[in-house]
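Hi everyone, thanks for making time today. Let me put the structure up, and then we can walk through it together.

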Amino acid sequence: MRLLALLPLAVLLSSCGGGYGGSSSSSSSASSGGGSVLRTIPISEKEYSLTPGTVTVAKPGTYAFQISNKGKITHAFTIEASGGRNELEAGDIQPGSQKTVKYTFKAGTSYEMYCPIDGHKAQGMAGTISVGVAAGGGTTTKPEGQTTTSSSPGY
């Protein structure tokens, strides 16, 4: 009898998402790697930009990205290693919502972050993530673990 009472809840939860285009909740998470998170880096999306546009992490490892949709339309978030390997798709992020995703970076690899919704990347919703190399403005995670953000988005 208890199982019958829980069945509607199980059906509701299973219909709420997972994968690309799934959840529309105000906060959820996706992951492409294990390990403890070295730092959480905030990323703001809106028509048609990512802020910051350049992120540098001090060393290889797992980092969390807190993605906030500050725009008026649906956006999404993808991290892709050079050559299209190790792609992470966070899925749709509704206006006013946020998602937290984890990604494990390797040394000697370049990464791109972007909104994969048709046309958004071409309109400026793209940026880079560097591992262990300081570059441009944006968010930099220092060796001490502190994160700084410059006034320039660092495209």
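This is a predicted model: local features need pLDDT of at least 70, side-chain atom pairs count only at pLDDT 80 or more; totals for chains, interfaces and linings use all residues.

A strand here, like a helix, is a DSSP run numbered from the N terminus, with at least two residues of E for a strand and at least four of H or I for a helix.

Residues are numbered from 1 along each chain as its sequence is written, and side-chain values use heavy atoms, with hydrogens and water left out.

So, who are the partners of β10? Strand β4, residues 54–57, pairs with β10 in the parallel sense over four bridges, and pairing means that DSSP finds at least two bridges between two strands. Within that pairing, T54 stands opposite T128. Strand β9, residues 111–114, also pairs with β10 over four bridges, in the antiparallel sense. There, T128 is the bridge partner of E112.

Let's stay with E112 for a moment. Its side chain meets that of K121 in a salt bridge, at 3.2 Å from N to O; the term covers a side-chain nitrogen of Lys or Arg within 4 Å of a carboxyl oxygen of Asp or Glu. A search of the whole structure finds one salt bridge. In general, side chains of opposite charge can pair when their charged atoms come close.

Now to another strand, β5. It spans residues 61–69, and eight of its nine residues are buried. Strand β2, residues 37–46, runs parallel to β5, and seven bridges join them. With strand β8, residues 98–105, β5 pairs in the antiparallel sense over eight bridges. I67 of β5 is the bridge partner of I43, and I67 also has K99 in β8 as a bridge partner.

I43 brings us to the core. Which residues touch the most other members of the largest nonpolar core? Of its 24 residues, they are I43, F65, F77, I79 and F105. Such a core is a set of buried Ala, Val, Leu, Ile, Met, Phe, Trp, Tyr and Cys residues joined through side-chain atoms within 4.5 Å. The strands β2, β4, β5, β6 (75–81), β7 (88–93), β8, β9 and β10 each supply at least two of its residues, and the largest share, four residues, comes from β6. Not counting residues up to four places away in sequence, I43 touches residues including L50, V55, F65, F77 and M113, where contact means heavy atoms within 4.5 Å.

Next, the rings. How many aromatic pairs does a search of the whole structure find? The search finds six. Rings of Phe, Tyr and Trp (its six-membered ring) pair if their centres lie within 6.5 Å; planes under 30 degrees apart are stacked, over 60 edge-to-face, and the rest tilted. Y103 and F105 make a tilted pair, 4.9 Å centre to centre with 55° between the planes. F105 and Y111 have ring centres 4.7 Å apart and planes at 90°, so that pair is edge-to-face. Y103 is buried, at 1% relative accessible area, and F105 is buried at 2%. One aromatic cluster is formed by Y63, F65, F77, Y103, F105 and Y111.

To finish, the whole chain. There are one helix and twelve strands, and buried residues make up 35% of the 155 residues.

Key:
Buried means under 20% relative accessible area, exposed over 50%, partly exposed in between (1.4 Å probe, protein chains only).
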